[in-house]
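User: I'd like to go through how two chains sit together, one term at a time. Can you show me the model and start with the terms?

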Protein chains: 2
Amino acid sequence: MPSNRPRAGSPQAPSPAAARDDSPASPWRASRERLRDREVKRDAVIRAAARAFNRKGYHNTSLDDIAAALEVTKPTVYYYVSNKEQLLFECFVAGIEGIRAAVREARSQAAPARERLKAVLRHYGEAVASEFGWCMVRAEDQDLSPDMSAHIKAMKSEIDQGIRRLLREGIQDGSIHPCDPKMTAFALAGALNWIAHWYRESQGMTGTQIAEAFIAVFESGLRPRPEISNEVQTCRKPKSSSSRPGAPRSARSRGSSRR
Amino acid sequence: MPSNRPRAGSPQAPSPAAARDDSPASPWRASRERLRDREVKRDAVIRAAARAFNRKGYHNTSLDDIAAALEVTKPTVYYYVSNKEQLLFECFVAGIEGIRAAVREARSQAAPARERLKAVLRHYGEAVASEFGWCMVRAEDQDLSPDMSAHIKAMKSEIDQGIRRLLREGIQDGSIHPCDPKMTAFALAGALNWIAHWYRESQGMTGTQIAEAFIAVFESGLRPRPEISNEVQTCRKPKSSSSRPGAPRSARSRGSSRR
DNA sequence: TAGAATAGCTACTGGTGAGTATGGTCCACG
DNA sequence: CGTGGACCATACTCACCAGTAGCTATTCTA
């Protein structure tokens, strides 16, 4: 049962996002007065764990390391999480939640499936390039208890199935070139997941830019295209109406940064 | 200095490839008479390690596990390798060697760059789906000493640069759609690397089939193409090629024209 | 202000696993 | 035949680390 965090009703004011983004400031020593917002501190523990896992790997990170990064001691960490495994799980969930939301949102829209798929891939790339990307990508069965592993597998499968569905719908509505949805979904997810292996912040590109570059690659393919009108050119009967491939999504100024 | 294996000249007969492929037979208990071919036993240790890492992960595999799989004890393993890290390194090299060879071979050929790239990707996919694929993909800096890490990084970079060069050449000779070589290489390698995460043998597809399916995805792209000649449409063709994944060094018939 | 809850520390346990010290056995070769 | 080396096992050492016991200090509440 992973979500057994106390969550005791949050009685106080929401505490205006102290030290929100990527500063390594810990809510303990950061300001000497103890802000006793449990959730803020708990989040800080999760984030510190994510950074440590990201840098040294899960097995090479001890809870003493994480505690030291927060300038506290190990029992303090255990005051907020029950064990190391849960720490990894929470990092995973923090990373994958955005993708799941994007997949769900894609199902409730009316745009051509390729545009909806691109939106999902964009969120996907951003999530993988986030500070939780490593944990999301690398959290493996072997390091987790069976229930946690099952949770993670279910979430991953949800995303995979969502992508496959978008591919099928795109083939149906003519916005996506016919292909094997399963293999194509593997290829897309694999390319995006791998971002977590080579991407380091402060390297110039943001996650969004990388996602855009990848989408450009996936869309065009390696084989040259007769560069007539860069619009759809459906090659298969668009399956009744509703196939307005006219891109209601933004003006398609996808420069794709090709040099 | 990773390659300090004794390699004592191999004075005896080559010993006709005892228990070559994926049988877990160990050269120790397999035949009661002790064949003292050091290389064969050493290879068996490497392969056993690869299988164990593949199944349980590097950190969750103890050298006692590997020894038990070979029905020997831990000091015997240490008689053939110097430490656990070297074991991982050897598995990595065993996996990546085929790709490096393919990249080098691609440079000495005259075919259009896209065809040469496809050949490289085919070898790449096969290597990742091999029993050393996991080690090749997952061997990380954090688990290795600085020199080993540098070695690995150099080999990976060699392959990456080779793919980028093929992409540039393909854009030049018109066989590849204009794109950002760096990002495209990342996308290709990522998709292929990720095979190691989901591929399990006995799942129906061989590494070659997966590689072919991925190549079809990369070639066409998601955006529909005007259906001029039939050409593409490689979706789920059973293909039934007689390439049994054993037979490592066969004639390889690299037909650049599909079907 | 007493008592309870919160939040954190020092100092420990227990288990695991990498790597080794030491010695035994079998074979090749002089 | 006996000696040295190749090969392998028993039985250890040692370090690291997840997790805990029990204490202290601060803050909230009645």
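Analyst: Copies are superposed by least squares on the C-alpha atoms of residues with pLDDT of at least 70 in both. This is a predicted model, where local features need pLDDT of at least 70, side-chain atom pairs count only at pLDDT 80 or more, and totals for chains, interfaces and linings use all residues. Residues are numbered from 1 along each chain as its sequence is written, chains are lettered from A in the order in which they are written, and side-chain values use heavy atoms, leaving out hydrogens and water.

User: What rotation superposes chain B on chain A?

Analyst: A rotation of 180° with 0.0 Å of shift along its axis does it, with RMSD 0.1 Å. The two copies are therefore related as by a two-fold rotation axis. Also, 100% of the contact residues of chain B recur in chain A, so the same surface serves both copies (contact means heavy atoms within 4.5 Å).

User: How many residues does the contact take from each chain?

Analyst: It takes 51 residues from chain B and 57 residues from chain A.

User: Why is the pair Arg138(A) and Glu140(B) called a salt bridge?

Analyst: The rule wants a side-chain nitrogen of Lys or Arg within 4 Å of a carboxyl oxygen of Asp or Glu. For the side chains of Arg138(A) and Glu140(B), N to O is 3.5 Å, so the pair qualifies. Between chain B and chain A the count is two salt bridges.
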